Amino acid sequence: MAIPQTDALPTALQEFVHNRWQQLQERCALEELDTAQTADLVTVVVGSDYAVDQFTRQPAVFAELLESGDLYRSFQLADYQQQLSAQLETVENEEQLQQVLRKFRQRQMVRIIWRDLTRAADMRETTGDLSDLADTCIDLALQWLHAECCRRWGTPYSYATEGHPAEPQQLIVLGMGKLGAHELNLSSDIDLIFAYPEKGETRDGRRCLANQDFFSRLGQKLIQALDNITADGFVFRTDMRLRPYGASGPLVCSFMAMEEYYQDQGRDWERYAMIKARVVGGDKIKGAELQDILRPFVYRKYIDFSAFESLRSMKEMINREVRRKGLSGNVKLGAGGIREVEFIAQAFQLIRGGRDPRLQQRELLNILPLLPASVGMPQPAVTELTDAYTFLRNAEHCIQAVADKQTQELPQDDLGQQRLAWSMGCSGWDDFLQQLDQHRDRVTEHFGHVITPAEDDDGEDHQQDKEWLLLWQAEDEEDGRLHVFAEHGFDEPEVACKYFNDLKSSRGVQMMQAIARDRLCAVLPRLMHDVALVENSAETLGRVFQLIKAVLRRSAYLVLLAENPGALKQLVRLCSASAWFAETLTKQPVLLDELIDQRALYNPPTKDELRAELRQQLLRIPEEDTEQLMEALRYFKSAHALRVAAADITGALPLMKVSDYLTWLAEAILEVVLDMAWRLMTEKHGVPFKTAGVPCDPDFIVVGYGKMGGIELSYGSDLDLVFVHDAELNLFTPGDKSIANSVFFTRLGQRIIHILNTFTAGGQLYEVDMRLRPSGNSGLLVSSLRAFEEYQQKEAWTWEHQALVRARVIAGSEELAKRFEAVREQIIGKSRNARELADEVVKMREKMRTHLGSSEKEAEQAFNLKQDRGGIVDIEFLVQFSALAYSEQHPNLMEFTDNIRILDAMEVSGVIAPAEAETLREAYKAFRALGHRQTLQDKSNTVSDHDLEDYREAVTGLWQQQVLRQASPDLLADSQ
C-alpha cells in the first residue's frame with residue numbers, strides 16, 4: 001500500500017510518519033486497510049512508538065485486532081476476564097503465567113492506545129479500560145497462584161473458636177490511588193495493599209504454614225507475576241509502599257492488624273490515600289468487610305477541616321520536589337496540574353465525607369458534580385475544573401502513549417512537541433500551550449480558593465492578634481491583663497478578663513494535646529479581635545468561651561473556625577445577639593458548619609425546598625438503618641432551626657416568617673417520620689386493611705393543634721398532636737406477625753412518638769404532647785375518625801372545641817384529611833348559645849390565669865406575655881370564641897387556623913371593627929416578637945410591668961367588649 005497522504009500534518013510530522021509507515025509496511029499487510037482505518041493508523045503512528053513497535057514485532061496481533069473488530073468496540077470487565085481466563089486454562093507453571101499475562105497486556109494496551117488516540121474512546125473510557133485490565137490481571141493471576149500455593153502448602157484456614165468453626169481464607173488485594181479510583185493512566189504503576197481476614201494455618205499440604213507466611217509468599221508471587229521484567233516486558237509496575245508501616249512493614253496484614261494500625265498510627269496522608277481504596281482481587285465479600293472496618297478512619301462523623309492542614313503539607317512537599325527536580329512542565333505535579341484538581345475534590349471528601357455519604361466515592365469526576373450542592377462550590381468553578389482535568393488527563397495519556405513510559409513531563413524537543421500537539425487536536429505547539437496554560441491557571445485559582453491558608457477578610461494588620469497570643473502564653477499579673485482588655489475596648493474588662501483566665505486555667509486546656517493546643521492558638525487571637533468589636537463584648541466572650549470549652553477535645557472544630565474567618569465573625573455576631581444561639585452551638589458543635597455558607601445561613605429554604613432537601617438527604621442512608629435516619633433528621637432540624645434563628649436575629653426575617661419556617665420544618669419532618677413509622681410497621685406486620693380486602697393507603701393522619709396547627713411554632717416549641725385513622729378495628733393485618741388494626745395503629749402512633757421524642761447523640765427532634773386527643777391522657781392514643789367525631793359531638797368540652805379552631809392535618813392520607821376537615825367544620829360551625837359559650841370560655845380563661853399567670857403581687861412588677869391579663873391568651877381566646885360563636889353565619893372564620901388570618905376573617909365578616917382587628921393583630925405580633933427575643937436571650941416570658949402597656953390595656957378592653965360582656969352577670973363581676 002502506498003504511503004498515505006499526510007498534507008494536513010506539519011512538515012516535521014510528515015517526514016516522521018513516512019519513515020514509520022515504511023517500517024510498518026515491511027511487516028504488516030497495510031493494503032487491507034480501508035480509508036478510515038488508514039487515517040486512524042496515521043494518528044496512532046504520530047502518537048505512539050509503543051503501538052507501532054508492537055505492530056512490527058507482532059503483525060499477527062495487529063491483524064487479529066482488526067479482524068476481530070476489537071479496535072472499534074468498547075470492552076467491559078467481563079470481556080477482559082473472558083479472554084484472559086481462556087488463555088490461562090493451559091498454563092502449567094509460573095513462567096508460563098508470566099508470559100501469558102504479558103502478551104495479554106501488550107495486546108490490550110495496543111487496543112486501548114489506538115482507541116484513545118483516535119478518540120474512539122473518551123478519557124473516562126480509557127481510564128476505565130486500563131483499570132479493568134489491571135483488575136483482570138491481578139484477580140485472575142491471584143486465583144491461579146492461590147490454587148498453586150494451596151497445592152504446595154495446603155489451604156489456609158482461620159482458627160476455630162467457640163461457635164465459629166474454622167473457615168478457608170483468601171488474600172484480599174486493595175487497589176489504591178488511580179487503580180482504586182478506576183482512573184488508571186496509560187503507563188501507571190499500581191499501588192496495592194495485601195490483607196487476609198484472620199490468623200490461622202494451612203491444612204492438607206505437604207507442610208503446614210501460618211496464614212501470615214502463606215499469604216506473604218502468595219503476595220510475593222503475585223508481585224513477581226505482575227512486576228518482573230522478562231523478555232516480554234512487564235504487566236504492571238507494582239508499588240507496595242502504601243501498606244501499613246510502608247516498605248519496612250509486613251507484606252501482608254490481618255484485618256485486626258490493619259484496624260489497629262490505622263486506629264493507633266494512621267497518618268493524615270494515609271486517610272487521603274485510603275479514599276480511593278478498592279478491592280481489586282481476592283475475596284470480594286471479605287474485602288467489603290475490611291473496607292467497612294477502615295471507613296471510620298477515613299471519614300469522620302464530624303466536619304473535619306483539619307484535612308486542609310495535611311493537604312497543604314502534602315502540596316508543599318510536592319512543590320519542593322517540583323522545584324528541586326525542575327518539574328514545572330509536569331502536567332500532574334506542576335502548578336495547576338492533575339494533583340491540584342485531585343486535592344480539591346479529596347479535601348472536601350475528607351472534610352465532609354463522614355456526614356455526606358455521597359462524597360464517599362473514589363472517582364474524581366463523580367465527586368466534582370456533587371460539590372455545588374454539598375459544599376456550595378459555584379457551578380462554573382466545577383465546570384472549569386472538570387474541563388481542565390479532562391484536558392490534563394488526555395495530555396498525560398498522549399505523553400505516555402509515545403513509549404509506554406511513566407512520565408507526565410512535556411516534551412522538550414520540537415518533534416515531540418509537534419506530536420503531542422497533533423495528538424491533542426491542536427493546530428500546533430503554541431496552540432496547545434495556550435490551552436494548557438488557560439486550564440492550569442484556572443485550576444491554580446480554584447486550588448488557591450480551597451486550599452490556601454485562610455486570611456482575614458479585611459486584610460488588616462495582625463499586630464493585635466500577636467498581642468492576644470502573647471497574653472495567652474504569658475504569666476502576666478492580673479493588672480497587666482486588665483489593661484489589655486480595657487485597651488481593646490471590652491465593655492467590662494474585669495468580667496472579660498475573668499472569662500479569659502478561667503478558660504486558660506480550665507482542666508480541658510491543661511489536658512490538651514500539642515496539636516489541639518496549636519489549633520486553639522491559631523483561632524484565639526482572631527476570636528478575641530472579633531469579640532472586642534461587639535457592644536456586649538464581655539458577655540459575648542463568656543458565651544463563645546463556653547463553646548470553645550465544649551470543643552477542646554474535638555479540636556477539628558477549632559480548625560473549622562481558623563479556616564473560615566467569615567464563619568468566626570458570624571459566630572461572634574450571633575452569639576452576641578442571642579444566648580440561645582450560643583447554647584445551641586455549645587450543645588451541638590457540629591452545627592458550626594452551618595456558619596460557613598452565609599447565603600444559606602440567612603436565606604432559609606421555602607417549604608417545598610425544605611421537603612426536597614430532607615428527602616434528598618435521607619436517600620443517602622439505607623432505609624433499614626433507622627438509627628442513622630433518626631440522627632439525620634435531628635441534624636436537619638437543628639441546622640435549619642439555626643438558620644432561621646440567624647435570619648431572625650439579624651432582622652432578615654420578620655416574626656411571621658420565622659414561625660412559618662419553623663412550622664414548615666416540623667411539617668417536613670413529620671411527613672418523613674410518618675413514612676418511616678409506616679414502613680417499619682408494615683414490614684413487620686403487613687399493610688392493614690381499611691375494609692375487608694381493601695388495604696390502607698395509609699388511611700392515617702397526624703393532626704397538629706396549638707402552635708403547630710396555628711403555624712406559630714417558636715424555638716423549642718413542643719408539638720400538640722392527635723392521631724386519627726380510618727380502618728375497621730375488627731380486621732387483622734395479613735403479615736406473618738398478624739395483629740388487630742386497633743393494635744397496629746396504636747403501635748404506629750407509639751413508633752411516631754418514639755422517633756420524635758427519643759434522645760440520641762443529636763438530641764431530641766420534638767417533645768410531643770398528646771393530651772388534646774379525645775379523653776386526654778386517659779383516652780386511646782389513636783382513634784378512628786368515626787370515634788373522633790362522636791367524641792367531639794357528644795363528650796368534648798368547650799375548651800376542646802376551642803382547640804379544634806387551631807387544628808389542621810399535618811401529614812398522612814389526603815382523602816382522610818378532607819374528611820377530617822369536614823368534621824372540624826361541622827363541629828366549629830354548629831349552632832351555639834352565645835351566653836353559654838361565653839361562660840365556658842371565661843371560666844377556662846380565669847382558671848388558666850389563676851394557675852399559670854402572675855400572682856397579684858408579681859403582677860405589680862412583672863407581666864407574663866402569655867398568661868397575664870391583656871396578653872397572648874386573651875387574644876387567642878377572643879379569636880376562638882368568635883370562631884365558635886359566629887362560624888355558623890360566617891364560615892370563613894373556620895377556613896384558617898392561625899390567629900392573624902382568623903382576625904382578618906372576623907374583620908371582613910363584620911364580627912369586629914377594622915380598627916379593633918388591627919389593634920389585636922399588632923398587639924399579638926408585638927407580644928410574640930418580644931417572646932421570640934426573650935427566647936433567643938434565654939429569658940422567660942415574663943417582662944417588666946411597663947412593657948407594651950398600651951397594647952395590654954387595649955387587649956383587655958377588647959376582651960371585655962367581645963367576650964366578657966356576653967357572659968353571665970356574675971361571671972362578668974368576678975372577672976372584673
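The largest cavity in this predicted model has a volume of about 40 Å³. A cavity here is a set of points on a 1 Å grid over the protein atoms alone where a 1.4 Å probe fits but cannot get out; its volume is the space filled by probe spheres set on the points, which are joined across faces, edges and corners. By this rule there are five cavities of 30 Å³ or more.

The lining of the largest cavity consists of Pro-604, Pro-605, Leu-610, His-640, Val-644, Tyr-661, Leu-662 and Leu-665, lining residues being those with an atom within 4 Å of a point. Two elements, α31 (626-649) and α32 (655-685), each give two or more residues to this lining. The most comes from α32, with three residues. Helices (H or I, at least four residues) and strands (E, at least two) are DSSP runs numbered from the N terminus.

The lining divides by class as follows.

| Class | Residues in the lining |
|---|---|
| Nonpolar (Ala, Val, Leu, Ile, Met, Phe, Trp, Tyr, Cys, Pro) | seven |
| Polar (the others, Gly among them) | one |
| Charged (Asp, Glu, Lys, Arg) | none |

The chain as a whole has 44 helices and 16 strands, and its C-alpha atoms fill a box of roughly 120 × 80 × 70 Å along the principal axes. Of its 976 residues, 57% count as buried, that is, under 20% relative accessible area with a 1.4 Å probe, protein chains only.

Residues are numbered from 1 along each chain as its sequence is written. Local features need pLDDT of at least 70 and side-chain atom pairs pLDDT 80 or more, whereas totals for chains, interfaces and linings use all residues; side-chain values use heavy atoms, without hydrogens and water.

How values were computed
On a 1 Å grid over the protein atoms alone, a cavity is a set of points where a 1.4 Å probe fits but cannot get out, and a pocket is an open set with protein on both sides within 12 Å along at least five of seven lines; lining residues have an atom within 4 Å of a point. Buried means under 20% relative accessible area, exposed over 50%, partly exposed in between (1.4 Å probe, protein chains only).
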